[in-house]
Amino acid sequence: METEQLQSLGHKRMANLELLRLTAMFLVVILHVLGKGGGLVALTNERLYGAGYLAWGMEALAIVAVNVYMLMSGYFLAESSFKVKRLFQLFMQVWFYSIGIGLIAAAFGYLPEGGFGIHYLLMLFFPVSMNHYWFMTAYVFMYVFTPLLSAGVRRLDKKHLQMVIVLLVLLFSVVKSVVPSRLDTDMQGYDCIWYMCVFVIAAYIRRYGIPFFKNMVRSIVVYLLATGCIFGITMILRLMYLQTGRLDTILTVCYNYNHLLVLAASIAFFYIFIHIRIYDGVFGRFVCRIAPYTLGVYLWHEHIAIRYEWQQWFYDWVGVPEGAVQLLLKTILAAIAVFVIGILLDMMRALCFGFVNRLFSHAGFYRSLQQWLERLTIQPQKDSVNE
C-alpha cells in the first residue's frame, strides 16, 4: 500500500513535496546565517553559553536540508526523462546570477579575496567547472550521470538494489561515521559521489518505499532522535577534546552531510512531508506557485562576491544578536529576508528569460536550437526485471 502511494503522488500530493522544497531551501539559508554570520561558536572554546548551544542545536535540526533537496531530485529524476535542454536551462540560470551579481558587486566594490582578476572572471563565466557554487557543481555532475543511474536502478531487482545501497552507505557513510579520525577520501558530502548515493536511495524509496516510515509519528521520532544524537555526540566529543586536547579534527563530524545520522534524519524528514496532505486550495496553489523559484534563493546569497557580506548588511540593519533569544529571532528573520529576496529575484529572472524567449521565438536559428535541444532526450526504459 505504501509503495503504491509513493509511486502515485497525484495532484493533491504534489504540493507536499513543493512545500518540502521550500522548507529545505529555507533551512539551507538558516545554515548559512549561522555558519557565515558568526552564530556558530567554535567548539574548541572553553565556554559556549546559551547562544552557542542554541546555535549548534539549530544547526543539527537544519543540517538535513541539502540531503533532502537531493532526495527530492533523485525521487523525481529516477523515473523522468534525461533532457539536455533542462541542463542547458540550468546553466543559463546559474550564469544569470554568477555573471550578473558578479559584475554588479564588482561595480560597488564587493570582491572576493584576490580582487577582480582572471580567476574571478573564470569563477563568473565557468561557475560549475570552477566550483563557484559547490552544490551546483555536485548537482550538475550528478545529473549527467542520471541516465546511467536510473537505468541501473531499473535493471536491478529489489534484493540486489538493497545490496548496492548497503554497500554505498557502508563505504561512504558508515566508515567515516565510526572511525575516530578524518579520512583522506572523505569529502564530507560536498561532492557528486555522495549525491549519486543519495540518488540511488531516493530511487529505491520511489520504487519500493521504506516500510519502517509507514506513518508520520515514526518519521518525526527518527528525525528528532537523529538530530538530537548529532547534537549530543558533538557535545560529548567537545568535552573529550577539552579534557584531552585530542579529537579536534572530528569535533563536527556528525554535522557532515554524509554522516550516518544526518542521512537517517534526512530520510525521516523527507518522509514527514510524504505523509502530509495538502489539498487543492489557496495555500497549496501558493506553495506550487513559488516553489520553482527556490533555486534563485541559493544562487543569489551564495555568490562568491557576497556570501560573507549579506550577513553584515543584515546585522548593520537590526544589530548583532546578543544572547540566545536574539540569536534565534534574528537568525529566522535574516533567513526570511534572504528567502523572500531570492524568490523575488528569481521571479524577475524568469520574466527576463520569458521575454528573451518570446523575442527570439520567430528567429530561425533560435527555433532550430530549441528543436535540437528537445531531441537530445533519453526516455526511461521499462524495467528489465521484476521485483
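Modeller: A pocket is defined on a 1 Å grid over the protein atoms alone, as an open set of points with protein on both sides within 12 Å along at least five of seven lines. A cavity, by contrast, is a set of points where a 1.4 Å probe fits but cannot get out. Lining residues have an atom within 4 Å of a point.

Biologist: What kind of model is this, and how are its residues numbered?

Modeller: This is a predicted model, in which local features need pLDDT of at least 70, side-chain atom pairs count only at pLDDT 80 or more, and totals for chains, interfaces and linings use all residues. Residues are numbered from 1 along each chain as its sequence is written, and side-chain values use heavy atoms, with hydrogens and water left out.

Biologist: How do you know what confidence the predictor has in the chain?

Modeller: By pLDDT, the predictor's confidence in each residue, from 0 to 100. The protein chain averages 91, and 95% of the residues score at least 70. Over residues 1–13 the pLDDT is below 50, and this stretch has 30 contacts in the model beyond near neighbours in sequence. Contact means heavy atoms within 4.5 Å.

Biologist: How much space lies in the largest pocket?

Modeller: About 1100 Å³. A volume is the space filled by probe spheres set on the grid points, which are joined across faces, edges and corners. Among the 39 lining residues, Arg 86, Gln 89, Leu 90, Gln 93 and Arg 349 are closest to the centre. Helix H5 (84–107) is one of the elements that give two or more residues to this lining, and its 9 residues are the largest share. Helices are DSSP runs of H or I with at least four residues, numbered from the N terminus.

Biologist: What makes a residue of that lining nonpolar, polar or charged?

Modeller: Its type: Ala, Val, Leu, Ile, Met, Phe, Trp, Tyr, Cys and Pro count as nonpolar, Asp, Glu, Lys and Arg as charged, and the others, Gly among them, as polar. By that rule the lining divides into 24 nonpolar, 8 polar and 7 charged residues.

Biologist: How many cavities of 30 Å³ or more does a search of the whole structure find?

Modeller: The search finds 2. The largest cavity holds about 100 Å³ of space, and its lining includes Val 66, Phe 135 and Tyr 298. That lining has 8 nonpolar, 1 polar and 1 charged residues. Phe 135 is in contact with Val 66 and Tyr 298, among others.

Biologist: Why is Tyr 49 called exposed, and why is Leu 247 called partly exposed?

Modeller: Buried means under 20% relative accessible area, exposed over 50%, and partly exposed in between, with a 1.4 Å probe and protein chains only. Tyr 49 has 55%, so it counts as exposed. Leu 247 has 21%, so it falls in between and counts as partly exposed.

Methods
Lists of a residue's contacts leave out its neighbours within four places in sequence.
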